[in-house]
Amino acid sequence: MAARRGGAVEGDGAARAGDWAGAQGTARVRGRRKALAVVAALLLAVATALASGQPSSAAGRPPAAVVPLGVPFLPSPYPLRVTIDSMVAVSLTVDKDVTIRLSDGTTRVTNKYTFTKLQIRSHMNVTQRADGHTLVIDVPNEGSLGGYDSAGKPETTTMWGNITNVCVRVLFKICGVQGLLDFFGSLIPLTAGAEEFSGDIYAIRTVDDHAALNSTDNPVHLPGTITVTTP
């Protein structure tokens, strides 16, 4: 009986040891997979960063925009053509004649527009043509950049570029008032509706300034489509 009990104990111990070894092997496989995923992500990030500073392989052509939207910085030298049929800018401020450095090493003197929220009432289109590639983001109806998070804290949208047209309605629609917008926005925060917005924008960035590490608040709401075409 003692031998059988001893054998049973030894068998159970062997089984437990086998289970433990199997679990350890599975953990090692999972660990290797996670490590490979992290390494792959890092390599992709490094490759993207390096490629953004390298010349195009085709002779005589400018560098391609590795990150089409110019984010994360440095912004792309290929500006975004942004049009919005109808919008509301909340707490807009303007910094004029700001110098920005682009990913090809050049600089531009442009304006910096900062919003608490950019509410899209109707149809936003973003088009970028860069070295033969065309990126289009189309939001047919409503959307927003920035606003307020679930804790009621303001988010921030920053836009670097030049507004080429904007219309406002008082008793009737008045267009071409971007100069007045830049002037008054450099003095006081503005909240106003606008129509037929168009601009050449080098970069747009929207952040939740107060988000905790576990926050799920998303400051970007652009329900629409993204398409990229090549020759």
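Me: How many residues lie between E6 and E7 in their hairpin?
Reply: This is a predicted model. In it, E6 pairs with strand E7 (residues 173-175) in the antiparallel sense, through three bridges. One of the pairs across these strands is Cys167 with Cys175 in E7. The two strands form a hairpin, and the number of residues between them is three.

Me: How many bridges join E6 to strand E8?
Reply: E8 covers residues 190-207 and runs antiparallel to E6. Gly161 has Ile201 as its bridge partner in E8. The number of bridges joining E6 to E8 is ten.

Me: Which residue in E6 is the bridge partner of Asn111?
Reply: E2 and E6 (residues 156-169) are antiparallel and share five bridges. Thr114 is placed opposite Thr158 in E6. For Asn111, the partner in E6 is Gly161.

Me: Is Val166 buried or exposed?
Reply: Val166 is part of strand E6. The cut-off for buried is under 20% relative accessible area. Val166 has a relative accessibility of 4%, so it counts as buried.

Me: Which residues is Val166 in contact with, leaving aside neighbours within four places in sequence?
Reply: The C-alpha atoms of Val166 and Val177 are 6.0 Å apart, with the two residues eleven places apart along the chain. Val177 is also one of the contacts of Val166.

Me: In the hairpin of E1 and E2, which residue takes a positive phi?
Reply: Strand E1 (residues 80-101) pairs with E2 (residues 107-115) in the antiparallel sense, over seven bridges. Ile100 has Arg108 as its bridge partner in E2. Five residues lie between the strands of this hairpin, and the residue with a positive phi, near 95°, is Gly105.

Me: Is Asp97 buried or exposed?
Reply: Asp97 lies in strand E1. It has a positive phi of about 55° although it is not a glycine. The cut-off for exposed is over 50% relative accessible area. Asp97 has 61%, so it is exposed.

Me: What is the phi of His123?
Reply: His123 is in strand E3, which spans residues 117-130. With a relative accessible area of 25%, His123 is partly exposed. Although His123 is not a glycine, its phi is positive, about 50°.

Me: Which residues make the nonpolar surface patch of about 500 Å²?
Reply: One member, Leu180, is located in helix H2 (residues 178-185). The patch is made by Leu180, Phe183, Phe184, Leu187 and Ile188.

Me: In what order do the elements run from the N terminus on?
Reply: The protein has two helices and ten strands. From the N terminus on, their order is α-β-β-β-β-β-β-β-α-β-β-β.

Me: Among contacts between residues at least 6 apart in sequence, what percentage join residues at least 24 apart?
Reply: For contacts between residues at least 6 apart in sequence, the share that joins residues at least 24 apart is 72%.

Me: What percentage of the residues are buried?
Reply: The protein exposes about 13800 Å², of which carbon and sulfur atoms supply 60%. The chain has 231 residues, and the buried share is 30%.

Me: Where does pLDDT stay under 50?
Reply: Across the protein the mean pLDDT is 76, and 68% of residues reach 70 or more. One stretch under 50 has zero contacts beyond four places in sequence, and this is residues 1-11. Another stretch under 50, with 38 such contacts, is residues 29-71.

Terms used: Residues are numbered from 1 along each chain as its sequence is written. This is a predicted model: local features need pLDDT of at least 70, side-chain atom pairs count only at pLDDT 80 or more; totals for chains, interfaces and linings use all residues. Side-chain values use heavy atoms; hydrogens and water are left out. Patches are made of residues with over 30% relative accessible area and no salt bridge: like charges are joined within 9 Å, nonpolar side chains (Val, Leu, Ile, Met, Phe, Trp, Tyr) within 5 Å. Accessible areas come from the Shrake-Rupley method with a 1.4 Å probe; for residues, only the protein chains shown count as cover. A salt bridge is a side-chain nitrogen of Lys or Arg within 4 Å of a carboxyl oxygen of Asp or Glu. Helices (H or I, at least four residues) and strands (E, at least two) are DSSP runs, numbered from the N terminus. Two strands pair if DSSP finds at least two bridges between them. Buried means under 20% relative accessible area, exposed over 50%, partly exposed in between (1.4 Å probe, protein chains only). Contact means heavy atoms within 4.5 Å. pLDDT is the predictor's confidence in each residue, from 0 to 100.
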